[in-house]
Amino acid sequence: MRTLGAGDTLIVIDVQRKYVNCQGPLAVPDGPALVQRIARFAEAARTRRVPVVWVTREQRPGVSMGTATEAAYGVAMPDLFQGPAAELDPDLGARDDEVRVVKPRQSAFYGTDLEVVLRTAGTRRVILAGVTTNICVQATAQDARARDLEVVVPADLTAALAVTKEGFELSAAAVQQATLATLAHAVGTVCPSAELLGQP
C-alpha cells in the first residue's frame with residue numbers, strides 16, 4: 001500500500017464533544033486519546049499537502065435528521081446535535097481554512113457537497129477517521145466505494161460504541177473488530193495509521 005500523499009484526502013467524521021469529550025452514553029472508549037491520535041495524523045497530512053475535511057452531524061432548522069434518529073433520541077435531540085455537544089473537539093486543531101461538511105444523516109456523502117469537494121481536490125483515495133466506526137464511518141466508506149474511490153480506514157483513528165439492543169448485546173471492542181473486519185473484507189483497506197506514514 002502506498003503511503004499518504006498526492007490524490008488522498010483525509011476525512012474526519014463526527015469527532016464531536018458528545019462522543020469524545022464527555023462521560024455520557026455516547027462517549028466512545030478513550031475519546032481524548034483518540035482525539036490526540038487524529039490531531040497528529042491530520043498534522044502529518046498537512047505536511048504532505050493532503051487536504052483535511054472535517055465532518056459533523058448537526059441538527060439544523062428545517063432539515064430532517066431522519067425518522068430513525070429522531071425516534072431514538074426524541075427530546076434529547078437539541079442537547080446532542082446542537083450547541084457545545086455538537087462542536088468538533090477543539091484539541092483536534094481543525095483550521096479555519098479547511099473544509100467543513102455538515103451532514104443530516106450517517107453518511108458524509110448523503111445530502112452534502114462532499115463529492116464535489118473531493119472531485120475539486122482531485123481525490124482518488126479517501127482516508128477515513130472518526131466515530132463511530134460501525135455507523136457513520138462505515139456508511140461513508142461504503143458510499144465512497146460506490147463512487148469508485150479507494151478507501152482506507154486507519155483502525156487506530158476510529159472508535160465504536162457498544163451495541164445494547166436486546167438480543168444483540170456486544171461490547172465496543174467486539175463491535176469495532178466486527179466492523180473493521182467487514183470493511184477490510186468488502187470495502188477497502190484497514191491498517192494502522194503508522195503504515196500510511198511509512199512508519200514501523
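Me: What does buried mean for a residue here?
Reply: The term rests on relative accessible area, computed with a 1.4 Å probe and with protein chains only as cover. Exposed residues are over 50%. Buried means under 20%.

Me: How many of the six residues of strand S2 are buried?
Reply: The model is a predicted one. In it, strand S2 spans residues 52-57 and is mostly covered. The count of buried residues in S2 is six of six.

Me: Which residues of S2 are buried on one side, and which on the other?
Reply: In a regular strand the side chains alternate between the two faces of the sheet. Both faces of S2 are covered. One side holds Val52, Trp54 and Thr56, and the other holds Val53, Val55 and Arg57.

Me: How many bridges join S2 to strand S3, and in which sense do the strands run?
Reply: S2 also pairs with strand S1 (residues 8-13), in the parallel sense over four bridges. Within that pairing, Ile13 has Val55 of S2 as its bridge partner. Strand S3 covers residues 99-103, and its link to S2 is parallel, with five bridges.

Me: Which residue of S3 is the bridge partner of Arg57?
Reply: Arg57 is found in strand S2, which is joined to S3 by five bridges. The bridge partner of Arg57 in S3 is Lys103.

Me: How far from Arg57 is the nearest side chain of opposite charge?
Reply: A salt bridge needs a side-chain nitrogen of Lys or Arg within 4 Å of a carboxyl oxygen of Asp or Glu. Arg57 is buried and has no salt bridge. The nearest side chain of opposite charge is that of Asp14, at 6.3 Å.

Me: Which residue has its backbone oxygen 3.5 Å from a polar atom of the Arg57 side chain?
Reply: Arg57 lacks a salt bridge. A polar atom of its side chain does lie 3.5 Å from a backbone oxygen, and that oxygen belongs to Arg105.

Me: Why does Leu157 count as buried?
Reply: Leu157 lies in the loop between strand S5 (150-154) and strand S6 (158-159). Leaving out residues up to four places away in sequence, it touches residues including Leu34, Ile38, Phe41 and Ala129. Leu157 counts as buried because its relative accessibility is 1%.

Me: What distance separates the C-alpha atoms of Leu157 and Ala39?
Reply: Leu157 and Ala39 are 118 residues apart along the chain. Among contacts in the chain between residues at least 6 apart in sequence, 75% join residues at least 24 apart. The C-alpha atoms of Leu157 and Ala39 are separated by 9.7 Å.

Definitions and conventions. Residues numbered from 1 in each chain as written. Predicted model: local features only at pLDDT ≥ 70, side-chain atom pairs only at ≥ 80, totals over all residues. Heavy atoms only, no water. Contact = heavy atoms within 4.5 Å. Helix = DSSP H or I, 4+ residues; strand = E, 2+ residues; numbered from the N terminus. Pairing = 2+ DSSP bridges. Lys, Arg positive; Asp, Glu negative; His and termini not counted. Polar contact = N/O pair within 3.5 Å; in protein donor to acceptor, adjacent residues only side chain to side chain.
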